[in-house]
Amino acid sequence: SPLLEDRWSPIRRLMALPETGESPGQVQHPDQMHAEFVRQQIKSTCLNLLDELSRDRLIVLFIDDLHWADRSSVDLLAFLSTRLAGRRILVVCSYRPSELARLKHPFLPLKLQLSVHALCEELRIEALPPAEIRRYIERHMPMHRFSPSFFDLVSARTEGSPLFLIDLVRFLREEGLIFEQDGHWTHEEDLSLLRSSMPISTSSMIALKIEHLGADGVELLVCAALQGVEFDTAVVAHALGLLHSDAETRLIDLANQHALIETSDEIELPNGVLSLSFRLSHSLYQEAFLARFGPARKALAAHAVASALEWAQKDTARDMLSKLAGLHLIARDHERAAQYFLRAARASAALFATKEAHALAEAGLDALHQATVPTGTEALEIQLQLIVGGSLTTMTGWPNEEADRAYRRIEN
């Protein structure tokens, strides 16, 4: 509009002026004084512009990616925010809290000051529940023949993250993993490709976040990821040979600055050690951290984490037995892995989880067959074969060819 064009022309000059960078009380060069004078004029002009525009309409000023704003922009926002009372103006800013913290951004103290005076409200984007994820997909592709398994997969893969959801749906369309057929959106019957698919934009964003951690931060969180999506400071510290207090302080800093992890609870481990529990903000971060180490280094780290979990005496729970078996597999200690698979299978059988007991016993046999020197493991194999045979008989009855094969193996 003519009004906007007339008022905007002096504001454009702000783009051409360098920041003064002077500290309070410092004597300014005349050019700096002139620049500061112009800036004050610009602030007043912006306020007058918004004032005139809002006289007969509601004005919503949206500032995207505020974490990339420079100091002058934040200074202008601070000037305006205390002078908008009574005006029909709403300022909406989007930003990443982790970037504000990492960059020690000048908006942080301004946000605190505005909150003290009840001049701003922070709205955090929460994870979307499965019903909302389905609603989003159906809004963009109302005519579809997507299976319930597809919606479950998208929910599990994105964990409700709005950003990951948008990226994943766009990626699936671009790659032809979901497509239109006879006027309806659909997908292939086999969903295995979708389970492992990740948009380049998502993987690049995660990689960039990890690069900001530094070598020590990456090492901490690789060990954490080996323990699981949920992990404990005491276990990570023991695995890396660090003071517990040092590991705890560093992990708290990482949680505050990078938003890759978040604190969960304070717990007492079975060995009596107090520990702070954390969780990775998304399972995709776990995948990304585990991919940072090569096989040899990952094997060493997995061995250290397994030893730390055994030290913490957390191997009594059924799920912990399976986790320890998996860690020893990564560490290439196949016999030790088979021992834990056996214990996990027995624990499942005791709870009448027959199908799970069978799967765990089979995993134990697979681990045993990969052992470099499998001699002397006959007793362990017999125990695993007994569970395989017994579970198959329970699930499918007798006679059973597969169960019979397990029992014949025991006889041999």
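Of the 412 residues of the protein, 39% count as buried, that is, under 20% relative accessible area, with exposed meaning over 50% and partly exposed in between (1.4 Å probe, protein chains only). The model is predicted: local features need pLDDT of at least 70 and side-chain atom pairs count only at pLDDT 80 or more, while totals for chains, interfaces and linings use all residues. Residues are numbered from 1 along each chain as its sequence is written, and side-chain values use heavy atoms, leaving out hydrogens and water.

The protein contains 20 helices and seven strands; helices (H or I, at least four residues) and strands (E, at least two) are DSSP runs, numbered from the N terminus. Among contacts (heavy atoms within 4.5 Å) between residues at least 6 apart in sequence, 65% join residues at least 24 apart.

**Cavities**

Two cavities of 30 Å³ or more are found in a search of the whole structure. A cavity is a set of points, on a 1 Å grid over the protein atoms alone, where a 1.4 Å probe fits but cannot get out; lining residues have an atom within 4 Å of a point. Grid points are joined across faces, edges and corners, and a volume is the space filled by probe spheres set on the points. In the classes below, Ala, Val, Leu, Ile, Met, Phe, Trp, Tyr, Cys and Pro count as nonpolar, Asp, Glu, Lys and Arg as charged, and the others, Gly among them, as polar.

| Cavity | Volume | Lining by class |
|---|---|---|
| Largest | about 60 Å³ | five nonpolar, three polar, one charged |

The lining of the largest cavity consists of Arg157, Thr158, Phe164, Leu168, Ser197, Met198, Pro199, Thr202 and Leu284. Helix H7 (148-158) and helix H8 (162-174) each contribute at least two residues to this lining.

Around the second largest cavity stand Ser98, Glu99, Arg102, Lys209, His212, Gln257 and His258. Helix H4 (97-103) and helix H13 (244-258) are the elements that give two or more residues to this lining, and H4 provides the largest share, three residues.

**The sheet**

Three strands form an open sheet in the order E5-E7-E6, with antiparallel pairing; two strands pair if DSSP finds at least two bridges between them. Strand E5 (230-232) and strand E6 (261-268) are the edge strands, each pairing on one side only. From one strand to the next, the twist averages 30°.

E6 and strand E7 (residues 274-280) run antiparallel and are joined by seven bridges. Ile261 has Leu280 as its bridge partner in E7. Helix H11 (residues 214-227) packs on the sheet and touches E5, E6 and E7; its direction makes about 120° with that of E5. Axes are lines fitted to C-alpha atoms, for helices over the stretch in contact, and angles run from 0 to 180 degrees between N-to-C directions.

**Helix H14**

In H14, the buried residues are Ser283, Leu284, Tyr285, Gln286 and Phe289. Their cover includes H7, H8, helix H10 (200-211), H11 and E7. Leu284 of this group also lines the largest cavity.

Gln286 lies in helix H14 (residues 283-290). Gln286 counts as buried because its relative accessible area is 18%. Leaving aside neighbours within four places in sequence, Gln286 is in contact with Ala225, Gly228, Val229 and Leu280. Of these contacts, Leu280 is the bridge partner of Ile261.

Technical notes: On a 1 Å grid over the protein atoms alone, a cavity is a set of points where a 1.4 Å probe fits but cannot get out, and a pocket is an open set with protein on both sides within 12 Å along at least five of seven lines; lining residues have an atom within 4 Å of a point.
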